[in-house]
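Here's a quick briefing to read with the model open beside you. Grab a viewer and follow along, topic by topic.

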Amino acid sequence: MSALDLEAIVAEFLDQRETDPSIRPEEYSERYANRAEVLSALEQALEVLRILSEDEPDRWEQPATIDGYRVLEVIGRGGMGVVYAVQRDGRRYALKLLTRALVAPDLTVDRFRREVFALSRVRHPSVVRIHASGVFNGVPYLVMDLVEGQPLSQLALTLEPTEAAEKIRDLALAVDAVHREGVLHRDLKPSNVIARSDGRWVLIDFGLMATDALPSLTMDGEVLGTPRYMAPEQARGAAVDGSADVYALGLLLAELVTGRPARASGSRDVVLAAARRGVLPPLRSRRWPPGLRRIVEHALATEPARRPETAEALASDLQRFLDGEPVHAPRQLPGRHLVRSRRAWFVAGILVLLTAVLSLVLPIRRDVRAEEARLDAVLADWIEGSVQAATRKLAVGVPVSRADAVALARRLEVSVDDAVAESIERDARILGEALQCAGPELADRLDDLVALGERGHRSTLHSWMLGRAAAASDDWALAERELTQVAARLNETADVARELGSVLNQRGDFERARPWLEAARRLRPRDAAIQSAWATCCAGLGDLDAAIAAAREGSGLSNAPASWLQLAELLGRQGGETAWNEADEILLGLLERDEDDLEARFQRAVLADRRHELPAAIERYRDVIARWPDHPRAALYLANLYSGAHRGKCTHCDRAFSEHPECASSELTERFLVEAIRIDAGRDPSFPPVALEIALRLPDRRGVLEALGEQRSLAMGRAERARLDGLRRRIEERGERR
Amino acid sequence: MGDDSGHGELSIDLVRRIQDGDTSAWDRLYLRYRDRLLLSIRCRLGPHLRSRLQSEDILHSVVREVIGSALKGFEPRGGRSLERYLHACVLNKICAKAGYHAAQKRAGEVPLSEAILDGLPNAPDSAPRYRDAERYERLERALANLASEMREAVMLRGIEGLSNLEASQALGKTPEAMSKLYNRAIAKLSLTLLPGRPAE
């Protein structure tokens, strides 16, 4: 990985930490192939921050006592203030000293105490109790129970839907008790909920509570709070009521069920912008019971008036769900709401297909227009979801599918033409990454990227991105010009050569990649990334021995899991007991290091598949699918295996099929093939022929063909749009003939 | 930066003692902030001025003035306010020295005299003398490799403890741009300091 890439990743990580301080380098680095390299860079960044911020000066400037409370230690620190563990009369409390900037200039001790009084009246077992308040050196503070336990943010919980519903029901009742005293929390998030050892969850931290003394959420144009858990109106800085807390409870519930935050992470301004629009990515989980899904959708309505009227109403609906009664949350209209699941996408796909079929059956001209409008609505809705997801991925350097990249680049036209866009650098980066993912189809957008560079600061990073985008778009003159500039500025050409080689590798143009990668190897023979790219190139050219030698070199240099995986995969392809045994040892070693290394698990399944160890292969594929339902290839390979692809290939396999008749199943072939089609969602153009080849082994192929038809119509590639347009023309012609 | 001063006495208490005339409390206070102030001075001096001025001389000069004034100009205003006050004194001193040096240059390049340095003892070399030398020297070298705007962002937010909003106002940027600039600078610093990775 180049220094520029790594630097961008570290900067993005630091941006995201400002939004979500709980994000850890170990988690963040997992999204990158060269995880070890990224992890050490992120840890180094935190070490630099630690050296720079040096908490000793703070400690030395910390007060010994605050109005008779002896300060023991700092237990929390954030934008809203500092929380100390304090002691008085032998009892320990938590004391929160609010940030001075949040306080109204004319605040007096009496006034602040009067306003906190309302909160101190709240008596609920799931709400931290306020014991006292005051103003110390002009800064207000609250004295609360010191709740022993762990914040939810540190527990990374995934609960069963019913258990999650119970927990959120209790929290909703706690929030309702707070609301009844005329106080809003406004900062409900996992780190503000403490899980006590007795199982009770307690709501803490009223640092952002709304009172007259702390009247505004905005300070010098900045919105205070945690964007990831903000209701849209709160993110806009508009007046909020209890429904903002209800929205946050909905986000918490979604996070508990799916095991991940409903709103993706990103820099503060990106997340805040998403929060303002009320944009949420699809909540991917099969775990949603229908009633609970409706409750979450109700709580997460963008308009406050469409949410449950009170937190108590939310709690009641959750109780109805737990009792098995019909819930009161209204059914959301398809396409209107932002909470979507795979099933919703599937429904959208069916809708498109039905629309097309109905249009053929009912060739009436006026219906064509109506169908067009409906198609456009569904497609526009789909594009919106894809664009949001792709933007988030590209902003942190995660590749996206070609179809998503194309949709995103089309959408970015608005920003490109906006002369006063403040986010030129970000747009340029996203467009650059999108062009790299999209390939030659978007070559005409290179001019926009050039224009963005000229409008903003023409940095080395921009040249690097433009060069890579140009290479992906087949504009080799531009690619070489830009990348050569980068090489000159950085006094480094090996990275550039490796980059060009890698781009060509990705496109399968191994012949043209070879000279670049040979040059990179000459310049930097002991570079793991270059060796890895060289191994890919050699494998592409059919020279497996050279590929394995390079992969061995690369894995020895970096010791990174990705390098070992590459070596294991190549050994598996080479075949023979010796190579297979070595590959298996490597994969077992990786799983010893990290039992959650799903790619290693998948490679072990493939290895068993190659060795024709059918029951073991089936068990391992199913294990991967159980752990990672959206694995791009596991379902396809499993369908291939169930279809009897190995039958008649060798006596070993035939014996396995006779001993284990469950290894061949048309029903399971169709099920996993349809699943694989859904996961691919038309992204990989090489996928349909493979799927069709497997489908040919089925006695009844209609289900598979239907699934292929749906996904291809949603894929939004040029060919698919042309197909849709052709369909419409045929419908129109029929109507005219009538 | 360990607490060599011992006792763990709060800075605010030491300040009160200094303000009450107990100059012996200054030694403890000085040890706590010395390394960070020295780093700030060395990064701010720049190579040209550094060739003519000794970093520790500037620090001693500031210390003399602060002790002389018995921290009368300092008013405690919450976390890190003392550190920020001392950094402000350092910056003022550097500006004064730079102005004097420029005037001398215009007048015919006379060598810097002992008198200019307020009769402070000479430092034998220009190398920094940090207590945690290795860590601070590496940081100093890495900071020197940053672009000036990035270095200033690190100085303001990282060393002097300004909030993002204050630092953005100081550099005339929006808070968002300031935040991004600071994070990019930290990322660059991190890669420079990463063991086994050559600086670019």
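Predicted model: local features only at pLDDT ≥ 70, side-chain atom pairs only at ≥ 80, totals over all residues.

Chain A carries 33 helices and eleven strands, while chain B has eight helices and zero strands.

**The two chains at a glance**

- Of chain A's 738 residues, 47% count as buried.
- In chain A, 62% of the contacts with a separation of 6 or more are made by residues 24 or more positions apart.
- For chain B, buried residues make up 36% of its 200 residues.
- Take the contacts in chain B between residues at least 6 apart in sequence: 66% of them join residues at least 24 apart.
- Reading along the sequence of chain B gives α-α-α-α-α-α-α-α.

- Helix H8 of chain A covers residues 242-258, which is 17 residues.
- From first C-alpha to last, H8(A) reaches 25 Å, close to the 24 Å expected at 1.5 Å a residue.
- How many residues of H8(A) are buried? The count is 17 of 17, so to speak a mostly covered helix.

- Strands S7, S8 and S9 of chain A form an open sheet in the order S7-S8-S9, with antiparallel pairing.
- S7 (150-151) and S9 (201-203) of chain A are the edge strands; each has a single partner strand, so one side of each is left without a neighbour in the sheet.
- Helix H6 of chain A (residues 161-180) packs on this sheet, where it touches S8 and S9 of chain A.
- The direction of H6(A) makes about 30° with that of S9(A).
- Two bridges link S7(A) with S8(A) (residues 193-195), in the antiparallel sense.
- One residue pair to look up is Pro151(A) with its bridge partner in S8(A), Ile194(A).

**S6(A) and its two partners**

- Strand S6 of chain A (residues 139-145) has six of its seven residues buried, so the rest of the structure largely encloses it.
- Strand S4 of chain A (residues 91-98) runs antiparallel to S6(A), and five bridges join them.
- Across that pairing, Leu97(A) has Tyr141(A) in S6(A) as its bridge partner.
- Strand S5 of chain A (residues 130-136) also runs antiparallel to S6(A), joined by six bridges.
- Here Ile130(A) has Met144(A) in S6(A) as its bridge partner.

**Helix against helix: H24(A) and H26(A)**

- The axes of H24 (residues 561-574) and H26 (residues 598-610) of chain A come within 10 Å and cross at roughly 10°.
- Angles under 35 degrees count as roughly parallel, and H24(A) and H26(A) are therefore roughly parallel to each other.
- Which residues meet between the two helices? Leu565(A), Ala568(A), Glu569(A) and Gly572(A) come from H24(A), and they meet Glu599(A), Ala600(A), Gln603(A), Val606(A), Leu607(A) and Arg610(A) of H26(A).
- Sorted by class, the contact of H24(A) with H26(A) has five nonpolar, two polar and three charged residues.

**Loop residues worth a click**

- In general, most residues other than glycine have a negative phi.
- His612(A) is a non-glycine residue with a positive phi, near 60°.
- His612(A) sits in the loop between H26 and helix H27 (614-627) of chain A.
- Is His612(A) buried or partly exposed? With 18 other C-beta atoms within 10 Å, His612(A) is partly exposed.
- Asp67(A) is another non-glycine residue with a positive phi, near 45°.
- The loop that holds Asp67(A) is between strand S1 (65-66) and strand S2 (69-78) of chain A.
- Asp67(A) counts as partly exposed because it has 15 C-beta neighbours inside 10 Å.
- Cys650(A) is in the loop between helix H28 (634-642) and helix H29 (651-659) of chain A.
- Cys650(A) counts as exposed, with 11 C-beta neighbours inside 10 Å.
- Cys650(A) and His612(A) are 38 residues apart along the chain, and their C-alpha atoms are separated by 8.8 Å.

Technical notes: Residues numbered from 1 in each chain as written. Chains lettered and ligands numbered in written order. Helix = DSSP H or I, 4+ residues; strand = E, 2+ residues; numbered from the N terminus. Expected span 1.5 Å × (residues − 1). Buried ≥ 20, exposed ≤ 12 C-beta atoms within 10 Å, placed from the backbone. Pairing = 2+ DSSP bridges. Contact = placed C-beta atoms within 7 Å. Axes fitted to C-alpha atoms, helices over the stretch in contact; angles between N-to-C directions. Parallel < 35°, antiparallel > 145°, perpendicular 65-115°, else oblique. Nonpolar A, V, L, I, M, F, W, Y, C, P; charged D, E, K, R; others polar.
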